[in-house]
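Q: I should like to learn how to read the features of a protein model. Could we take them one at a time, with the general idea ahead of the case?

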Amino acid sequence: MSDGTSPHEFSVVICAYTEDRWEDVLAAVDSVRKQSLPPLETLLVVDHNERLRARLAEEYAEARLREEVRVLANAGPRGLSAGRNTGIAAARGAFVAFLDDDAVAEPDWLRHFAAAYDDPRVMAVGGRTLPAWSSGRRPAWFPEEFDWVVGCTYRGLAPGRVPVRNVLGGNASFRRTAFDAAGGFATGIGRDGDRRPLGGEETELCIRLSQALPGAILLMDDRAVIHHKVPPARERFGYFRTRVYAEGLSKALVARSVGARKGLESERRYTTRVLPAGVLRGVRDALRGRSGGAGRAGAIVTGVTLAAGGYALGRLRTRRSGTTFSWGPIERTGDRAPGNGTTEDETVESGTTEKDETDESGISEGAAT
């Protein structure tokens, strides 16, 4: 690598929170261990579930002795953002990659990430996430333009290795120094177990990173592929409605943090070009008698309406209450003696990272950072 580090120095962070995904977590770790470019380590961060943490620690006890897999407790507030920050703090690699706990990576996943970092200006690289539908096939009504609803790459993204505003958090990598420059993931947005499925934390971080390092390049490489499991509940229209509404709420928080111009830059093109084309495609398929065409067109219109409503409500609440979230620098713990993982009693984030009271929308109320 051009910055003097080894391409093997990837720390892979997988955040887990429930024993219901036990087999999925094992499959995710197994896919990392089978990479053509082996990682330095895999960090399993467990979100305030001591039984799961102990079970995983027992499962990977032998691998831990070889420093191959380490099991850590989320040392911050409950939620995916703090879990990722715990992994970042403990990471010993020069690069940190993130994989969802219900996804499996193809064998060359890390190799494609590593190749992009030959350019020292590249600070983050994301990949392509394909849905693995539990039913075995995409629901006829589900538009590819909304695959982000189930955590996957969606129609409208440019193919190849291309610059992007932000990477998608379940299939992404960063230089470790990116977090030194921009801080960690913001708490108060992002997922929190099975609560309302908010998101946007990776968007907010990537925009903040570009602001901290104006010359930074963020890339998407569609050769770095993972397969993300879509459970039956997420194949239903009810989940679709809930998720797109929650995305609107999330975008309101992101816009508050980094400004509406940057926070909605990609979304404007998406809503003015990609989605209208999707509606026309659905209507055309319906007129030709193809299954699901009308449903896809209707889902796109419904999704836009609900996301816009969530955004409007989120903006109103942030103006009224000063609602925000918090982030801070990451205190490194990865240089400790091998095997000394972070425990629940250790704090890895500094700054204002206390968990605020959160209403049913998932928007926390507290002072701005």
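Q: Which residues does Thr203 touch, not counting residues up to four places away in sequence?

A: The model is a predicted one. A contact is a matter of distance between heavy atoms, with a limit of 4.5 Å. By that reading, Thr203 touches Arg165, Asn166, Lys251 and Val254, with residues up to four places away in sequence not counted. Thr203 itself belongs to helix H7, which covers residues 201–212.

Q: Is Thr203 buried or exposed?

A: A residue counts as buried when its relative accessible area is under 20%. Thr203 has 3% relative accessibility and therefore counts as buried. Across the protein, buried residues make up 52% of the 369 residues.

Q: How is a strand to be read, and what covers the faces of E3?

A: In a regular strand, side chains alternate between the two faces of the sheet. In E3, Val69, Val71 and Ala73 lie on one side and Arg70 and Leu72 on the other, and all of them are buried. Because five of the five residues of this strand (residues 69–73) are buried, E3 is largely enclosed by the rest of the structure. E3 also pairs with strand E2 (residues 41–46) in the parallel sense, over five bridges. Within that pairing, Thr42 stands opposite Val69.

Q: Which residues of helix H1 are buried?

A: An α-helix has 3.6 residues a turn, so residues three or four places apart point the same way. The buried residues in H1 are Trp22, Asp24, Val25, Leu26, Ala28, Val29, Ser31 and Val32. The length of H1 can be checked as well: at 1.5 Å a residue its 12 residues should span 16 Å, and the end C-alpha atoms are 17 Å apart, which agrees.

Q: Which residues touch the most other members of the largest nonpolar core?

A: A nonpolar core is read as buried nonpolar residues joined through their side chains. The largest one here has 35 residues, of which Leu44, Leu56, Leu99 and Trp109 touch the most other members. Helix H1 (residues 22–33) supplies the largest share of this core, six residues. Apart from it lies another core, of 27 residues, including Phe98 and Ile330. As for Leu99, its contacts beyond four places in sequence include Val12, Ile14, Ala28, Val32, Trp109 and Ile226.

Q: How many salt bridges does the structure hold, and what do they join?

A: A salt bridge is read from a side-chain nitrogen of Lys or Arg within 4 Å of a carboxyl oxygen of Asp or Glu. The structure holds 26 of them. In one, the side chains of Arg51 and Glu19 meet at 3.0 Å, N to O. Arg51 lies in helix H2 (residues 50–59) and Glu19 in the loop between strand E1 (10–16) and H1, so this pair ties together parts that are 32 residues apart in sequence. Arg51 counts as exposed at 63% relative accessibility, whereas Glu19 is partly exposed at 22%.

Q: Where do Lys229 and Asp24 lie in the chain?

A: Lys229 and Asp24 form a salt bridge, with the closest N and O atoms 3.4 Å apart. The pair links distant parts of the chain, as Lys229 is in strand E9 (residues 217–230) and Asp24 in helix H1, 205 residues apart. Lys229 is partly exposed, with a relative accessible area of 36%, while Asp24 is buried, with 18%.

Notes:
Residues are numbered from 1 along each chain as its sequence is written. This is a predicted model: local features need pLDDT of at least 70, side-chain atom pairs count only at pLDDT 80 or more; totals for chains, interfaces and linings use all residues. Side-chain values use heavy atoms; hydrogens and water are left out. Buried means under 20% relative accessible area, exposed over 50%, partly exposed in between (1.4 Å probe, protein chains only). Helices (H or I, at least four residues) and strands (E, at least two) are DSSP runs, numbered from the N terminus. Two strands pair if DSSP finds at least two bridges between them. A nonpolar core is a set of buried Ala, Val, Leu, Ile, Met, Phe, Trp, Tyr and Cys residues joined through side-chain atoms within 4.5 Å. The expected span of a helix is 1.5 Å times one less than its number of residues.
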